[in-house]
Amino acid sequence: MEQNKINIDGTKVKTARKKILWTTGIFSLAAAVLAAGTLILRGDIKINPMLAQNYEVHGVDVSHYQGTIDWATLSQQNLDFAMIKATEGSTHIDDRFVENWQAAEQTHLYLGAYHFFSFDSEGDKQAASYIETVGNLDGKLAPVVDVEYYGNKRSNPPARAEVVQNLGALLDALEQHYQIKPIIYTTFTVYNEYIRGEFEDYPLWVRSIYCPPAVLFGNKWSFWQYMDTAMLDGYTGDEKYIDLNVFRGTVEELEELVIPPAACREE
């Protein structure tokens, strides 16, 4: 009987030790997850570039900030498309647009021209500026409208009704002219304030540089800007970084957003 008592006590001790080890392990794992989460939020650990490698179609977006671009060099760095800034508001034209547009046409890249939306300008006037500047988009990606806060707009956001009216007028004019729905680029905050519930049927290009887009936008996105601190070869501007993006789909699916030549369009 004495031997059995020892065995029973020994079993209890072993069980208690297992519980302590298990509890300690859980706390250690939780602490590690919390620490990793903190590092991710601070940007010390970048998970987006790793996740982005799971996508087939990659691209960049550029403006005058990248200065002179050697498109032959830039285009050979695992890129399939490039979004190039064309216009802003109702009067401004990006200093490098014409140069970038003409040079990029000599590469294999699918090209898109984007317009930076102004909260202080009428939508139809912004559309007219884009159309006059960019001109024919046959064989190019659908026009892009970049809607994000600038200046003091974040702390003093414009009224929703006014933004929806002007943005709607801009999108309608571009769609009527190019016969394809424009792509909307936006941030999470601006999406929730102005895009959600109003422009749901437009292809969405989202900025989400700290986490996968599904965390913020669910499945409502076509393009993902996953990094704004990349450094590639082929540009000499004051801005040393360049934005990287992926398309959520195949090259064949990307081609569905390409404007066909007029001769190929159905009447």
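**Reading contacts, burial and the core**

Q: How far apart in sequence are the residues that touch in this protein?
A: Contact here means heavy atoms within 4.5 Å. Among contacts between residues at least 6 apart in sequence, 67% join residues at least 24 apart. This is a predicted model, in which local features need pLDDT of at least 70 and side-chain atom pairs count only at pLDDT 80 or more, while totals for chains, interfaces and linings use all residues. Residues are numbered from 1 along each chain as its sequence is written, and side-chain values use heavy atoms, with hydrogens and water left out.

Q: Is Thr 87 buried or exposed?
A: A residue is called buried under 20% relative accessible area, exposed over 50% and partly exposed in between, using a 1.4 Å probe and protein chains only. Thr 87 is buried, with a relative accessible area of 0%, and buried residues make up 42% of the 267 residues in the protein.

Q: Which residues is Thr 87 in contact with, leaving aside its neighbours within four places in sequence?
A: They are His 92, Ile 93, Tyr 114, His 115, Phe 116, Ser 129, Tyr 130 and Thr 133.

Q: Which residues touch the most other members of the largest nonpolar core?
A: A nonpolar core is a set of buried Ala, Val, Leu, Ile, Met, Phe, Trp, Tyr and Cys residues joined through side-chain atoms within 4.5 Å. Of the 68 residues in the largest one, Trp 71, Met 83, Leu 167 and Phe 223 touch the most other members. Leaving aside its neighbours within four places in sequence, Leu 167 is in contact with Phe 117, Val 145, Val 147, Ile 195 and Phe 199.
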